[in-house]
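Dear colleague,

Please read them with the structure open beside you.

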Amino acid sequence: MLENDNYKLLWDFSVGTDHEIGARTPHMVIIDKRDKSCQIIDMAIKEDDRVREKEDKKVEKCHDLEREVRKMVLEM
C-alpha cells in the first residue's frame, strides 16, 4: 500500500466484504481521497487471442467489487 494526503494505492490485497462475491482481488485500486472516487485496475496478457472476451468477463465480474470498494471509499 502507498498513501499520501490525496491518494491511496492498494495492490495484492483482498477487499473485505459483508457478503460473498467472486472477484475480490483486483490487481490494483487507486483511491482519490479528495473527491472520494476510485479506479479498479485488473490486467490481462496482451498476447492472448481472446483479449476482448477476457476484458468483458473481468468487467462483468467486477460489478460487485465496484460496489464494495465504493462503500469503502465513502467511509474514509
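This is a predicted model: local features need pLDDT of at least 70, side-chain atom pairs count only at pLDDT 80 or more; totals for chains, interfaces and linings use all residues.

A residue is called buried when its relative accessible area is under 20%, exposed when it is over 50%, and partly exposed in between, as found with a 1.4 Å probe on protein chains only. By this rule Glu3 is partly exposed, with a relative accessible area of 44%.

Residues are numbered from 1 along each chain as its sequence is written, and side-chain values use heavy atoms, leaving out hydrogens and water.

The protein chain has an average pLDDT of 78, and 82% of its residues score at least 70. Confidence is highest in strand S1 (residues 2–3), at 92, and lowest in helix H1 (residues 51–74), where the mean is 76; helices (H or I, at least four residues) and strands (E, at least two) are DSSP runs, numbered from the N terminus.

Two salt bridges turn up in a search of the whole structure, each being a side-chain nitrogen of Lys or Arg within 4 Å of a carboxyl oxygen of Asp or Glu. In one, Lys33 pairs with Glu3, with the closest N and O atoms 2.5 Å apart. This pair links distant parts of the chain, 30 residues apart, since Glu3 is in strand S1 while Lys33 is in the loop between strand S3 (28–32) and strand S4 (37–41). Lys33, at 25% relative accessibility, is partly exposed.

In the other, Arg34 pairs with Asp32 at 3.3 Å between the closest N and O atoms; Arg34 is exposed at 55%, whereas Asp32 is buried at 12%.

Best wishes

Methods: pLDDT is the predictor's confidence in each residue, from 0 to 100.
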